[in-house]
Amino acid sequence: MTPIATLDDLHALYGQPSEAARSKVTDHLTPAYAAFIERSRFCVLTTVGPEGTDGSPRGDDGPAVRVLDARTLAMPDWKGNDRIDSLRNIVRDGRCSLMFLVHGSNNAMRVNATAKLTADDGLRASFARGDLLPRSVILFRVGEVYSQCARALLRSGLWSRGPDAEGLPTVGDMLREATGGTFDGQTYDREWAARATRTMW
(Lines give C-alpha, C1' and ligand atoms only; values in the text may rest on other atoms or scores of the structure.)
Protein backbone atom coordinates (compact mmCIF):
# COMPACT_ATOMS: atom_id res chain seq x y z
CA MET A 1 0.00 0.00 0.00
CA THR A 2 1.45 3.35 -1.07
CA PRO A 3 0.56 6.21 1.26
CA ILE A 4 -0.30 9.69 0.07
CA ALA A 5 2.55 11.40 1.88
CA THR A 6 2.85 14.89 0.39
CA LEU A 7 0.48 17.77 -0.25
CA ASP A 8 1.47 17.70 -3.92
CA ASP A 9 0.32 14.08 -4.18
CA LEU A 10 -2.92 14.90 -2.38
CA HIS A 11 -3.70 17.94 -4.55
CA ALA A 12 -2.90 15.99 -7.72
CA LEU A 13 -5.45 13.37 -6.67
CA TYR A 14 -8.26 15.75 -5.68
CA GLY A 15 -7.72 18.85 -7.80
CA GLN A 16 -9.23 22.18 -6.78
CA PRO A 17 -12.41 22.74 -4.75
CA SER A 18 -15.39 24.35 -6.43
CA GLU A 19 -16.10 28.07 -6.24
CA ALA A 20 -18.93 27.41 -3.77
CA ALA A 21 -16.63 25.36 -1.54
CA ARG A 22 -14.06 28.16 -1.52
CA SER A 23 -16.38 31.13 -1.11
CA LYS A 24 -18.53 29.78 1.73
CA VAL A 25 -15.83 30.25 4.39
CA THR A 26 -16.15 33.40 6.52
CA ASP A 27 -14.39 34.59 9.66
CA HIS A 28 -17.67 35.52 11.33
CA LEU A 29 -21.27 34.37 11.61
CA THR A 30 -23.34 35.70 8.75
CA PRO A 31 -27.06 36.05 9.56
CA ALA A 32 -27.76 32.79 7.70
CA TYR A 33 -24.99 30.91 9.51
CA ALA A 34 -26.16 32.27 12.87
CA ALA A 35 -29.75 31.23 12.12
CA PHE A 36 -28.66 27.64 11.44
CA ILE A 37 -26.60 27.46 14.65
CA GLU A 38 -29.43 28.93 16.72
CA ARG A 39 -31.73 26.11 15.52
CA SER A 40 -29.22 23.38 16.39
CA ARG A 41 -29.87 21.39 19.54
CA PHE A 42 -26.91 19.07 18.95
CA CYS A 43 -23.27 19.56 18.05
CA VAL A 44 -19.95 17.80 18.36
CA LEU A 45 -17.18 19.68 20.14
CA THR A 46 -13.65 18.65 19.15
CA THR A 47 -10.70 19.81 21.22
CA VAL A 48 -6.98 19.13 21.20
CA GLY A 49 -4.52 18.64 24.04
CA PRO A 50 -1.18 17.02 24.85
CA GLU A 51 -2.73 13.55 24.79
CA GLY A 52 -4.33 14.11 21.37
CA THR A 53 -7.80 15.03 20.16
CA ASP A 54 -11.16 14.54 21.83
CA GLY A 55 -14.67 14.64 20.35
CA SER A 56 -17.60 15.27 22.68
CA PRO A 57 -21.34 15.29 21.82
CA ARG A 58 -23.17 18.31 23.24
CA GLY A 59 -26.90 18.85 23.28
CA ASP A 60 -29.66 20.85 24.90
CA ASP A 61 -33.43 21.17 24.63
CA GLY A 62 -32.92 24.56 23.00
CA PRO A 63 -29.89 25.83 21.10
CA ALA A 64 -26.73 23.89 21.96
CA VAL A 65 -24.87 27.19 21.98
CA ARG A 66 -25.90 30.83 22.30
CA VAL A 67 -24.82 33.33 19.65
CA LEU A 68 -23.46 36.35 21.54
CA ASP A 69 -22.30 38.25 18.47
CA ALA A 70 -20.93 37.58 14.99
CA ARG A 71 -17.63 36.30 16.39
CA THR A 72 -18.63 34.79 19.74
CA LEU A 73 -20.55 31.69 20.86
CA ALA A 74 -21.28 30.53 24.40
CA MET A 75 -21.96 26.95 25.55
CA PRO A 76 -23.06 26.05 29.09
CA ASP A 77 -21.32 23.00 30.53
CA TRP A 78 -24.17 21.02 32.03
CA LYS A 79 -23.98 17.92 34.16
CA GLY A 80 -21.95 15.09 32.65
CA ASN A 81 -19.70 12.28 33.79
CA ASP A 82 -17.08 14.70 35.22
CA ARG A 83 -14.27 13.36 33.02
CA ILE A 84 -13.91 16.97 31.72
CA ASP A 85 -11.70 15.82 28.83
CA SER A 86 -12.83 18.74 26.64
CA LEU A 87 -12.46 21.28 29.42
CA ARG A 88 -8.94 20.15 30.31
CA ASN A 89 -7.97 20.44 26.68
CA ILE A 90 -9.43 23.94 26.37
CA VAL A 91 -7.51 25.13 29.44
CA ARG A 92 -4.26 23.85 27.92
CA ASP A 93 -4.88 24.48 24.19
CA GLY A 94 -7.83 26.59 23.09
CA ARG A 95 -8.02 25.29 19.52
CA CYS A 96 -11.34 23.60 18.86
CA SER A 97 -14.01 22.84 16.29
CA LEU A 98 -17.79 22.56 16.41
CA MET A 99 -20.09 20.71 14.03
CA PHE A 100 -23.78 21.55 14.29
CA LEU A 101 -26.69 19.40 13.08
CA VAL A 102 -30.37 20.32 12.86
CA HIS A 103 -32.85 17.45 12.89
CA GLY A 104 -34.34 17.05 9.42
CA SER A 105 -31.72 19.16 7.63
CA ASN A 106 -29.15 17.35 5.52
CA ASN A 107 -26.68 20.20 5.89
CA ALA A 108 -24.26 20.80 8.74
CA MET A 109 -22.47 23.88 10.02
CA ARG A 110 -18.78 23.81 10.89
CA VAL A 111 -16.99 26.29 13.12
CA ASN A 112 -13.25 26.42 13.80
CA ALA A 113 -12.52 28.53 16.84
CA THR A 114 -10.46 29.19 19.91
CA ALA A 115 -12.11 28.65 23.25
CA LYS A 116 -11.74 29.63 26.88
CA LEU A 117 -13.60 28.72 30.05
CA THR A 118 -15.29 31.04 32.49
CA ALA A 119 -17.14 30.56 35.77
CA ASP A 120 -18.49 34.13 35.62
CA ASP A 121 -21.53 34.29 37.89
CA GLY A 122 -23.55 36.55 35.61
CA LEU A 123 -22.97 34.47 32.49
CA ARG A 124 -23.70 31.21 34.31
CA ALA A 125 -26.89 32.72 35.73
CA SER A 126 -28.04 33.67 32.23
CA PHE A 127 -28.33 29.93 31.48
CA ALA A 128 -30.18 29.11 34.72
CA ARG A 129 -32.80 26.38 34.78
CA GLY A 130 -34.63 27.11 37.97
CA ASP A 131 -32.04 26.77 40.72
CA LEU A 132 -29.59 24.89 38.48
CA LEU A 133 -26.58 26.60 36.89
CA PRO A 134 -23.84 25.24 34.64
CA ARG A 135 -20.57 24.96 36.52
CA SER A 136 -18.80 26.78 33.71
CA VAL A 137 -19.43 28.29 30.29
CA ILE A 138 -17.26 27.77 27.20
CA LEU A 139 -16.72 30.92 25.13
CA PHE A 140 -15.74 30.40 21.49
CA ARG A 141 -14.03 32.99 19.32
CA VAL A 142 -14.94 32.18 15.73
CA GLY A 143 -12.01 31.80 13.33
CA GLU A 144 -13.75 30.11 10.40
CA VAL A 145 -17.36 29.15 9.80
CA TYR A 146 -18.92 27.42 6.82
CA SER A 147 -21.71 25.08 5.81
CA GLN A 148 -21.14 21.44 4.93
CA CYS A 149 -22.99 20.05 1.93
CA ALA A 150 -25.64 17.36 2.29
CA ARG A 151 -23.86 14.35 0.78
CA ALA A 152 -22.75 12.71 4.05
CA LEU A 153 -26.19 12.87 5.63
CA LEU A 154 -27.89 11.82 2.41
CA ARG A 155 -25.56 8.82 2.05
CA SER A 156 -26.17 7.76 5.64
CA GLY A 157 -29.93 8.34 5.49
CA LEU A 158 -29.61 9.71 9.00
CA TRP A 159 -33.08 11.28 9.10
CA SER A 160 -34.85 8.95 6.64
CA ARG A 161 -33.78 5.38 7.43
CA GLY A 162 -35.49 5.03 10.77
CA PRO A 163 -33.80 3.81 13.95
CA ASP A 164 -30.79 1.49 13.73
CA ALA A 165 -30.42 0.91 17.49
CA GLU A 166 -32.18 -2.45 17.82
CA GLY A 167 -29.81 -5.09 19.16
CA LEU A 168 -27.02 -2.68 20.10
CA PRO A 169 -25.07 -3.47 23.27
CA THR A 170 -26.06 -1.29 26.21
CA VAL A 171 -23.65 0.98 28.05
CA GLY A 172 -23.80 -1.55 30.88
CA ASP A 173 -22.68 -4.25 28.43
CA MET A 174 -19.80 -2.06 27.32
CA LEU A 175 -18.72 -1.30 30.90
CA ARG A 176 -18.85 -4.98 31.82
CA GLU A 177 -16.62 -5.90 28.87
CA ALA A 178 -14.24 -2.96 29.44
CA THR A 179 -13.67 -4.10 33.03
CA GLY A 180 -13.26 -7.77 32.24
CA GLY A 181 -16.64 -8.58 33.76
CA THR A 182 -16.16 -6.90 37.14
CA PHE A 183 -18.58 -4.00 36.55
CA ASP A 184 -22.27 -4.65 37.31
CA GLY A 185 -23.64 -3.58 33.96
CA GLN A 186 -27.17 -4.86 34.56
CA THR A 187 -27.61 -2.66 37.62
CA TYR A 188 -26.13 0.30 35.77
CA ASP A 189 -28.58 -0.10 32.88
CA ARG A 190 -31.55 -0.65 35.20
CA GLU A 191 -30.85 2.53 37.19
CA TRP A 192 -29.78 4.74 34.29
CA ALA A 193 -33.12 6.25 33.28
CA ALA A 194 -33.95 7.45 36.79
CA ARG A 195 -30.42 8.72 37.34
CA ALA A 196 -30.45 10.65 34.05
CA THR A 197 -33.79 12.27 34.89
CA ARG A 198 -32.36 13.56 38.19
CA THR A 199 -29.09 14.81 36.69
CA MET A 200 -30.01 16.12 33.23
CA TRP A 201 -28.89 19.68 34.14
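Visitor: What makes Asp-85 and Arg-88 about one turn of the helix apart?

Guide: In this predicted model, Asp-85 and Arg-88 both belong to helix 4, which spans residues 85-92, and they are 3 residues apart, or about one turn of the helix. An α-helix has 3.6 residues a turn, so residues three or four places apart point the same way.

Visitor: How do you know that Asp-85 and Arg-88 meet in a salt bridge?

Guide: The N to O distance between their side chains is 3.0 Å, and the cut-off asks for a nitrogen of Lys or Arg within 4 Å of a carboxyl oxygen of Asp or Glu, so the pair qualifies.

Visitor: Why is Asp-85 called buried, and why does Arg-88 count as partly exposed?

Guide: Asp-85 has a relative accessible area of 18%, and since buried means under 20%, the residue is therefore classed as buried. Arg-88, at 39% relative accessibility, falls between the limits of 20% and 50%, so the term partly exposed applies.

Visitor: What makes the pair Asp-82 and Lys-79 a salt bridge?

Guide: The closest N and O atoms of Asp-82 and Lys-79 are 3.8 Å apart, which is within the 4 Å cut-off, so this pair is counted too. Both partners are partly exposed, because Asp-82 has a relative accessible area of 44% and Lys-79 one of 42%. By this rule the count comes to 12 salt bridges.

Visitor: Why is Asp-121 called exposed, whereas Arg-124 is called buried?

Guide: Asp-121 reaches 57% relative accessibility, and exposed means over 50%, whereas Arg-124 has a relative accessible area of 17%, and buried means under 20%. Elsewhere, salt bridges that share partners join Asp-60, Asp-61 and Arg-129 into one network.

Visitor: How do you know that the buried residues Tyr-33, Ala-34, Phe-36 and Ile-37 of helix 3 are on the same side of the helix?

Guide: These four residues of helix 3 (residues 31-39) are buried, and they cover an arc of only 160° around the axis, which puts them on the same side of helix 3. On the other side of helix 3, Pro-31, Ala-32 and Arg-39 are exposed.

Visitor: What covers the buried residues of helix 3?

Guide: The cover includes strand 3 (66-69), strand 4 (72-77), strand 5 (95-101), strand 6 (108-118) and strand 7 (136-148).

Technical notes:
Residues are numbered from 1 along each chain as its sequence is written. This is a predicted model: local features need pLDDT of at least 70, side-chain atom pairs count only at pLDDT 80 or more; totals for chains, interfaces and linings use all residues. Side-chain values use heavy atoms; hydrogens and water are left out. Buried means under 20% relative accessible area, exposed over 50%, partly exposed in between (1.4 Å probe, protein chains only). Helices (H or I, at least four residues) and strands (E, at least two) are DSSP runs, numbered from the N terminus. The arc is that of the directions from the helix axis to the C-beta atoms. Contact means heavy atoms within 4.5 Å.
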